[in-house]
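Visitor: Please take a close look at a single part of this model and go through its contacts in order. Give the cut-off for each term as it comes up.

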Amino acid sequence: MTEKTVTPTVNSAGYDVPPELRQSVAITTLDKIWNMGRRYSVWPMMFGLACCAIEMICTAASRYDLARFGMEVMRPSPRQSDLMIVSGTVTKKMIPQIVRLYNQMPEPKYVMAMGACASGGGPFKEGYNVVSGVDQYIPVDVYVPGCPPTPQALLHGLMKLQEKIDRESITKVRWYQKDEIPAIPVPILGPDIIDPRDNAAIREMASRKAAPAAPAAQPETAEAPAA
Amino acid sequence: MSEQTPVKEAPANPPTELEKRFPGAVKRDERAGYEGHIVEVAKLHEVAAAIRDEMGYDFLSSVTAVDYYSEAPEGENFIEVVYHLYKSTGGGALVYRVQVPRDDAVVPSLVDLYPGADFQEREAWDLYGVKFEGHPDLRRILLWEGFAGHPMRKDWKEPYFEEDVKPFKNRWPEGQVYRIEDRNPVGKNVSYPQGFDPEGFQETDDPRMYESLERSSQDFVERIDTEQVVVNLGPQHPSTHGVFRMAVRMHGETIVGLKPVMGYLHRNHEQIGERNTWTMNMPFTDRLDYLSSMSNNFGYALAVEKLIGEKAAPPERAEYIRVIMAELTRISNHLWAIGFLLNDLGAFFTPALYAIEERELILDIFEATAGSRMMCNYFRFGGVARDLPEGILPKIKDLVTDRLPRKVEELDLYLSANELVRSRGEGVGVITPEEAIAFSAAGPVLRASGVPYDVRRADPYSIYDRFKFDVTVRQHGDVYDRYMIRIDEIYQSLSILRQALKDIPEGEIMNGKNPYQVRVPAGESYGRVEGPKGELGFYIVSTGKANPHRYHVRAPSFINLTILEKMCVGQKIADVVVNLGSIDIVLGEVDR
Ligand code: SF4
């Protein structure tokens, strides 16, 4: 036995383990164990929106190999997944489904905005059917820039997510609190997308005399087409 | 019509064949830079029927609307619906158009003559508010029922409207940069009609879709009487290849009706394209069919070059580079399509992984030449953006003479004769040649049905007339043939690549300098290429300004979907995903 001073290892919780036990005993916190399990088994949802999804698939394929992170188990069902990678342009027509999927995912759940579109609208931001970033509707944990982000960038984003998971504590995370986590209200496809949380603001905006950039053409869609 | 006027040497209107055939109903389009004829709205159906039956223009390539709008009342104020037709035996286009007033845009529908007009007319209704009289199912297609206004009209402004054309002033160096969200009271990209109250609002899109599904469902008589059920596949479904949705009505497990629902990725490509300058659109075309950006670049560049004329003719070397890139794209696209079709057939991800491995090698070449794996943005009007990097040609040569043939043969060997692939593919989703043409199917879908139509051969562009290659064709029109035709096409592409690599000359890669702004003379043009998914067309109208007046994409994935219902009805639910996989769609192109 050498008489070296005890250097706290990564997993040390700050307690000294007697030297003779160090081979077989390690002391750590419950949080660390918990987080370790969680960080290596983040199952993403198999859910592609646009071009970025192609790079996501490439990341999962053999060259970049998502399996190294324990993340290769892509689940088509939101019920079985932990991570929603919003990989592509979020449109107004799609956002109700995205919110619904998000609500269906069980906690703990994470959201990654992959690419410029999901993060803030991207190249198509000005479009009339495009949502300027998925974070206007659901909370996002990690943003990955790029158009599309390369697989390396996506992997970096996933590592950032792992770092985020590392900082969690089971006493504080929201899904172990007493109160129920409210579901996010699902947007409605009206004359434009309606976020029920904005109802008051919408009514206000629509009652103004000349709403900025109000559509000039009259809505004439509800009636049946001339046939 | 005006035959009696003495015609000397001036090319003053000898009546064209169409004008002779339909006196009074058809007149030549005399605007500078336009081709084709203007047809009286009331006579459209009659003329179209005659053109199809007497003149043999049986393939309706594109239907689209153009809004000619000016704020001044005496200016031109009408909506034009433009039709591009071809013969399925090859040759150039026949163009005709109708003009209707903007506030009363009603045009007879051609769906009964050309079923392939179905979705395209619905799109024109959705985006331009053109009512197609007699259309069996005129619902919005990319947006949803209840959306306020028809957004492609020139007087419709999106919520984030800044200016009519780019570059926007606030992006210039002295411009005051602001976040456009901050100008909107809700902070989001929305606007509502005046007095709108969101409380208790009911959606109308889905109910109307289900109604239409019920109307078109066929009565099915079976021995066991079961209740008909409606199943929705998508928009979040592992085998819809993106955010695509199908509402399927079933009798037992047999499909009696199917309605594709799309628009979940409608990102306003065309409207943004009309605000962009000509060059700015190039990177946007990458994002159409994001698996084959080079082909999209090709189509757009061709359309604009056609309008500019000689000044933008690409030099030899650039032409070769273009062909090389386009064919590499076709291979990578088909590899992907095959991999994911097998995925749908039940070989979960193993073939796809092998296919992606080869595709990665092609992407490496794209990354080396264009700087990006997927979004290449490589073509310019009159050439390509930059020359091939040092040492890439031997690499490509290696790939196309050694690695790819080997690997494709391997795929072919293990998959094509595979028991499961055959039994799940043969006789499934059969499309006859007549149906394929009538439904304006293009590309592999058309050729797998026994129609040897390939734009590269039927209406050659670029330098494709110099290469020896076979137009692939298969006869059964089922899923298996649509799979096989892609393997065939990879072999043909490899052969074209080998020829191109042998002949590629040294020299310039741009005709003149690569300008920041191009000057495009007024007029219209329709450029089309044989993309990996089929005929990819760009219809552009220029008024001589810095940005297009109209920018329309004839997306093969979108139009190929018209035939999906036909393919699936009468089959089992499990075949739906296979049929869809065999069409090979990309949602970026379907929804644009
Ligand atoms: S960020 Fe770029 S690559 Fe990703 S979805 Fe948007 S446009 Fe496509």
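Guide: Chain B has 84 residues in contact with 69 residues of chain A, where contact means heavy atoms within 4.5 Å. The model is predicted, so local features need pLDDT of at least 70 and side-chain atom pairs count only at pLDDT 80 or more, while totals for chains, interfaces and linings use all residues. Residues are numbered from 1 along each chain as its sequence is written, chains are lettered from A and ligands numbered from 1 in the order in which they are written, and side-chain values use heavy atoms, with hydrogens and water left out.

The two chains bury about 7,100 Å² between them, with 62% of that area on carbon and sulfur atoms. Buried area here is the accessible area (1.4 Å probe) that two parts lose on being put together, summed over both. Trp144(B), Tyr192(B) and Gln236(B) contribute 11% of what chain B buries against chain A, more than any other three residues.

Six salt bridges are counted between chain B and chain A, a salt bridge being a side-chain nitrogen of Lys or Arg within 4 Å of a carboxyl oxygen of Asp or Glu. One is between Glu126(A) and Lys166(B), at 3.0 Å from N to O. On the side of chain B that touches chain A, at least two residues each come from helix H3 (118-128), strand E7 (131-133), helix H4 (205-216), helix H5 (269-275), H8 and helix H9 (350-370). H9(B) gives the largest share, five residues. Helices (H or I, at least four residues) and strands (E, at least two) are DSSP runs, numbered from the N terminus.

A charge from chain A also sits over a ring of chain B: Lys93(A) lies over the face of Tyr264(B), 5.3 Å from the ring centre. The rule asks for NZ of Lys or CZ of Arg within 6 Å of the ring centre and within 35 degrees of the ring normal. Inside chain B, Arg31(B) is placed over the face of Tyr68(B) at 5.5 Å from the ring centre.

Next come the salt bridges within chain B. The whole structure holds 55 salt bridges over all chains. Arg102(B) and Asp155(B) form one of them, with the closest N and O atoms 3.2 Å apart. Arg102(B) is in the loop between strand E5 (94-101) and strand E6 (106-108) and Asp155(B) in the loop between E7 and H4, so the pair ties together parts 53 residues apart in sequence. Arg102(B) is buried at 11% relative accessible area, whereas Asp155(B), at 22%, is partly exposed. Buried means under 20% relative accessible area, exposed over 50%, and partly exposed in between (1.4 Å probe, protein chains only).

Arg275(B) and Glu158(B) meet at 2.6 Å, N to O, in another salt bridge. Because Arg275(B) is in helix H5 and Glu158(B) in the loop between E7 and H4, this pair joins parts 117 residues apart in sequence. Both ends are buried: Arg275(B) at 9% and Glu158(B) at 2%.

Phe467(B) is in the loop between helix H14 (455-458) and helix H15 (479-503), 147 residues away from Tyr320(B) in H8 (residues 316-345). Rings of Phe, Tyr and Trp (its six-membered ring) pair if their centres lie within 6.5 Å; planes under 30 degrees apart count as stacked, over 60 as edge-to-face and the rest as tilted. Tyr320(B) is buried at 5% relative accessibility, and Phe467(B) at 3%. Ring pairs link both residues into a cluster that includes Phe298(B), Tyr378(B) and Phe469(B).
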